[in-house]
Amino acid sequence: MSDKLFCFYKNIPLWLRPKKGHWNKNFIFALVATLATFAPDIIMNLMTNSHIILEPLFVFYVFGFMFLLSFCQNILIYSFIFLWVLMQTIQLNFMAFFGHPITAGEIMNIIYEHRDVFDTAYLQQTWFVIPTIVLFYGMMTFIFYIGSKESVKIRWMFLIVLYLAAHKPYRAFTETKGIWYFQPGPTRSSFKNSINTFSYFFFQYLWKDNQSSEVFWKPYQIQKTFSDTQNVLVIFGESLYSEHMPMYGYKRNTFPLLQKRLEENKNIAVATAIAPGISTATSTALFFNSIREPGNIKEIKNLTGNLFKIAKENGFETYYISNQESRLIMNIGEKYIDHIANNDSEPLFFSQYRDEGLAKILDSIDFREGKKFIVLHMRSPHLPYEKHYYGKEDKFQKFVPDTPDVNRLTYTTNSYDNALLYTDFVINKMIDNFETKNNNQKYTIFLTADHGQLFDFNGMWGHNNLVIEQGKVPAIIISSKKIPLPKYISSYQFSKMILQSLGANLINPNEKEASYFLHGNNIYYPYDFKKYQILKNGEIKDYPVKNTKDISSKTGR
C-alpha cells in the first residue's frame with residue numbers, strides 16, 4: 001500500500017505537492033494570529049467605554065482562515081499582515097478617540113484632514129493603540145517568522161485564501177449588498193468592522209457615488225425641563241403596521257392582550273404615527289436622534305436630541321436591549337448606553353428565546369436604585385412572519401391557512417396576523433415586567449415601530465416603499481398619569497415626547513410649519529424622501545418624492 005501511495009505522490013505535479021513540514025507549526029501560527037486579532041478589542045474595552053463582544057462563530061472563522069493562510073507562501077502572509085496592521089491602526093485609533101467604529105465617509109475625512117491625524121490632542125487619547133498593535137501583531141509576525149521554515153506549505157492554497165478574502169470586496173464592488181450590509185456594529189469585533197468598512201470604501205465608495213446627503217439646517221438646541229418620571233421604557237417594534245391592529249379599526253383582534261389593557265386603563269393614549277423611514281436602519285438613526293429634516297446628518301453626529309445622551313445627562317441609567325443586529329447601534333448614541341445586548345452579542349440566547357428574551361432581560365434589571373431609561377428593540381413580526389411563532393403554532397396559529405401553497409395575499413396576511421399575536425404576547429410580558437418592577441414609582445411606556453408593512457397596496461408588498469401608507473405605525477403611551485395624543489402624530493413628535501419625559505425640550509428652529517418627512521434608505525448618501533402634513537381634520541397630505549440633492553445645501557430648503 002505504501003508503494004502505491006509513493007507512486008501516486010510521484011505522479012502529482014511538483015506545484016501541487018505540499019512542502020514537508022510540521023502541522024503543529026501551522027496550528028500554532030493560526031492560534032497566535034487569532035489571539036492577535038481579538039486581543040486589541042479586549043484592550044479597547046478596558047481603556048474606553050466600548051462594548052465589543054467576541055462572537056464565537058466569527059472567532060472560529062478567523063481561526064480557520066489563519067490556518068489556511070499558514071499553508072501559503074511567505075510573501076502572501078506578510079502582505080496580509082501588513083494590510084491588517086494598516087486597517088487596524090486606523091480603526092482602533094479612530095475608535096479610541098471618537099468612541100465608535102469608523103465608516104467609509106470618515107475614512108475619506110482622514111484623507112482630507114491628514115495633517116490632524118497625528119496631532120498631540122488625538123494622541124493623548126489614543127496612546128495605547130500603537131503599543132497594542134505592535135505587541136500583538138509583532139508577536140504574530142515573530143511566531144510566523146520562526147516557524148515558517150518548519151510549517152507545511154501547499155502551493156495552491158493561495159487560491160482558496162484569495163477566494164475567501166475576496167468575498168466582501170466582491171460584494172461591495174458588484175453591489176450585491178447595499179451599504180447596510182457593510183455598516184459597522186459597535187459591539188462587533190474591530191477586525192470584522194474593518195473588513196466591512198474598508199471593503200466598502202475601496203470597492204464602492206471611491207469608485208461610485210461618494211457624495212454626502214448632508215444639507216445645511218439650523219442647529220437644534222436642548223432646553224432642560226422638569227420631569228418627575230423615574231423610569232422610561234421604549235418598546236421599539238419591528239414592521240408593526242397599525243392598520244392591522246384592532247385599536248385602529250382592524251377587523252381581527254391581533255392584539256387581544258394590549259386591547260384589553262386599553263379598555264381597562266384610563267392612562268393609555270393611542271395615535272397613529274408616521275415612521276421616520278422606510279427601513280429599520282434609517283428609522284433607528286432618525287428616531288433615537290429626534291431628527292425631522294432630510295439630510296440633517298450634522299444633528300445625527302452632534303447627538304443634540306439623542307435620547308440616550310439626554311437620559312444619561314439627566315441621571316438615567318441607560319439600556320439598549322435588541323433582538324436585532326449590532327449594526328443598528330451605530331449612530332444612536334452608543335457611547336451613552338450603559339448596557340447593551342443584541343442578536344450579535346447574544347446569538348444563542350436570542351435564537352432560543354427570540355423576542356421573549358427581551359422580556360427576560362428586562363425582568364433581570366434591578367430597579368431599586370436610580371432612574372432607568374430602557375429601550376427594547378423587537379424583531380417580530382419581520383419577514384418571514386411565520387418564523388416568529390414557529391414551534392408555538394398551537395398558541396398563535398389562529399389565522400389559517402398561513403403556508404405558501406395558497407395565494408400570496410391570504411398567506412402573507414394570515415402569517416403576519418399570527419406573528420402579531422405573538423408580538424402582542426411578548427409586549428404584554430414586557431409591560432407586566434416593567435410595571436411590576438416600578439413598585440409605585442412614576443413611569444412612562446412608549447410603544448412605536450420602525451416602519452409598517454404593505455399587503456398588495458397598489459401592487460406593493462413589505463417595506464422599503466416610499467409611500468405614507470407604509471409609514472403607518474402605532475404610537476401608544478402607557479403612563480402613571482394621562483398623557484394625551486392627537487389622532488395622528490409624526491415619529492419625530494413622538495420622539496420629542498420621550499425627550500420631555502427624560503427632562504428636556506427639543507428646540508428646532510427649522511420647524512416653521514406643521515410638515516414632516518418620511519425618509520428613504522441610505523440616509524448618509526443622497527436619498528429620496530417624502531414630505532407630508534397632518535391637517536387639522538386628521539387627514540394626511542403628502543407631496544411628490546424629492547431627493548436630498550434637490551435641497552439647497554446653503555439654505556436647507
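Strand S6 (residues 316-322) and strand S7 (339-341) run parallel to each other and are joined by three bridges. Within this pair, Ile321 has Ala341 of S7 as its bridge partner. Strands here are DSSP runs of E with at least two residues, helices are runs of H or I with at least four, and both are numbered from the N terminus. Two strands count as paired if DSSP finds at least two bridges between them.

A word on the model itself: it is predicted, so local features need pLDDT of at least 70 and side-chain atom pairs count only at pLDDT 80 or more, while totals for chains, interfaces and linings use all residues. Residues are numbered from 1 along each chain as its sequence is written, and side-chain values use heavy atoms, leaving out hydrogens and water.

**The sheet**

S6 and S7 belong to an open sheet of eight strands with mixed pairing, in the order S7-S6-S8-S4-S9-S12-S5-S13. Its edges are S7 and strand S13 (488-490), each of which pairs on one side only. Strands of a sheet pair through backbone hydrogen bonds, either parallel or antiparallel.

Now look at strand S5 (residues 268-274): six of its seven residues are buried, so this strand is largely enclosed by the rest of the structure. Buried means under 20% relative accessible area, exposed over 50% and partly exposed in between, with a 1.4 Å probe and protein chains only.

| Pair | Sense | Bridges | Opposite residues |
|---|---|---|---|
| S5 and S13 | parallel | three bridges | Ala273 and Ile489 |

**The cores**

A nonpolar core is a set of buried Ala, Val, Leu, Ile, Met, Phe, Trp, Tyr and Cys residues joined through side-chain atoms within 4.5 Å. The largest has 105 residues, and Ile235, Phe373, Ile374, Met430 and Phe494 touch the most other members. Helix H19 (residues 408-438) gives the most to this core, with eleven residues. Apart from it lies another core of 50 residues, among them Phe80 and Tyr200.

**A buried charge**

Finally, find Glu299 in helix H14 (residues 297-302). Glu299 is buried yet has no salt bridge, and the nearest side chain of opposite charge, Lys298, is 7.0 Å away. A salt bridge is a side-chain nitrogen of Lys or Arg within 4 Å of a carboxyl oxygen of Asp or Glu. Lys and Arg count as positive and Asp and Glu as negative, with His and the chain ends not counted.
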